[in-house]
Amino acid sequence: MILGDLGAEVIKIEHPGGGDETRRWGPPFVKEESCYFLCVNRNKKSVAVNLKDTRGQSLVKDLAKQSDVLVENYLPGKLDELGLGFTQVSEVAPQLVYCSISGYGPSGPYKTRAGYDVIAASIGGLLHITGPPNGDPCKVGVAMTDLATGLYAHGAILAALLEREKTGRGQKIDCNLLSTQVSLLANLGSNYLNAGKEAIRWGTAHESIVPYQAFQTSDGYITVGAGSDEQFQIFCKCLGLQHLLTDSRYKTNRNRVANRQALLYELSSRFLQHSTDHWMEAFNGSGIPYGPINNIEQVFNDPQVQHNGMVVEMEQRNAGSIKVIGPAVKYSSSVNQPRFPPPSLGEHTDSILTSLLGLTEIDLQVLREEKVIS
């Protein structure tokens, strides 16, 4: 999807019987299409091909010959069984950058396991560090491990294409959910590797910075952070708690971390005295990072989100008018925007196979009757 926003022509190979499973992940649906499918499938042209048929495999190889990149997320080894593994495809398409995305990688004890976001996030420690202190482990609200793996793949593909400019040849890229999640442990991973310190759940709080968390107000929640001693002074003045500035327990961040509970008791009591809007106004212009905890409706009504143009309307074949979340990155002189709406199943089979592979109407009719395409 991201490469498509940047202008790549993307062909999505789907099974003729039902296509991408996420087409049925709902409710909610917009007419025939699931909102889940609509969220990540813009810019893709759907070609429905039966990969279990040798003629379908040949069609994919022929498309690979004319393509720059192939992305697949089968269990490791499955496409090799179909004659579509990297070694087999690169023989006929040596220029191809072949990106495999799996749960755990192409080798090792877990290579044949199915990989889902929440499972990889569990094994990779994300659920262990997410949730309230002394509470149960929690799943992150969206599939962050999936999404981050896609972002890694996007960068890796672009790097491999640049490398191809030097060598003239493609290569295989292996991305997997587990390695992505372990790489994202960041400072908590470093704490364990270098200091032997096990991570715990902190809710919205920060292990090493106080205050840096959400506080309940009289009508909602606000998240505020004071990342330096100077910011803490401003923070206390905004709250009208100047007396805290003379308390030696809170003089430095190290002191505040050591006396976390006593400080948070005072801060929490103060925040409860007024509304979120009151505190938003109190912090306005202070230089302190702050923001309300918005629900999804509030997110899309937020003036900065609207200014950034994060919602794009498109016309989809089955669903009619839909809205998608636009790209997060803007360029000064390049176009980065949704190009096409998410496709219906097999919407582009005929046009792609005729324009790129030169198949005739008779060829298409025969393949369709024999259930090779749809």
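The model is predicted, and local features need pLDDT of at least 70, side-chain atom pairs count only at pLDDT 80 or more, and totals for chains, interfaces and linings use all residues. Residues are numbered from 1 along each chain as its sequence is written, and side-chain values use heavy atoms, with hydrogens and water left out.

**The sheet**

β5 belongs to an open sheet of three strands in the order β5-β6-β7, with parallel pairing. Strands here are DSSP runs of E with at least two residues, and helices are runs of H or I with at least four residues, numbered from the N terminus; two strands pair if DSSP finds at least two bridges between them. The edge strands, β5 (69–72) and β7 (172–176), each pair on one side only. Neighbouring strands of the sheet are turned by 15° against each other on average, direction ignored. The two pairings are set out below.

| Strand pair | Sense | Bridges | Residue pair |
|---|---|---|---|
| β5 and β6 | parallel | four bridges | Glu72 and Ser100 |

**A buried threonine**

Thr145 is part of helix α7 (residues 144–167). Its relative accessibility is 1%, so Thr145 counts as buried (under 20% relative accessible area, with exposed over 50% and partly exposed in between, for a 1.4 Å probe and protein chains only). Neighbours within four places in sequence aside, Thr145 is in contact (heavy atoms within 4.5 Å) with Asp117, Ala120, Ala121, Leu126, Leu177, Thr180 and Gln181.

**Two crossing helices**

Two packed helices are described by the angle between their axes and the distance between the axes. For helix α10 (residues 229–239) and helix α12 (residues 260–271), the axes come within 11 Å and cross at roughly 40°. Axes are lines fitted to C-alpha atoms, for helices over the stretch in contact, and angles run from 0 to 180 degrees between N-to-C directions. α10 and α12 are therefore oblique to each other, a term for angles that are not under 35 degrees (roughly parallel), over 145 (roughly antiparallel) or 65 to 115 (roughly perpendicular). On the α10 side, the contact is made by Phe232, Phe235 and Leu239, and on the α12 side by Leu263, Leu267, Arg270 and Phe271.
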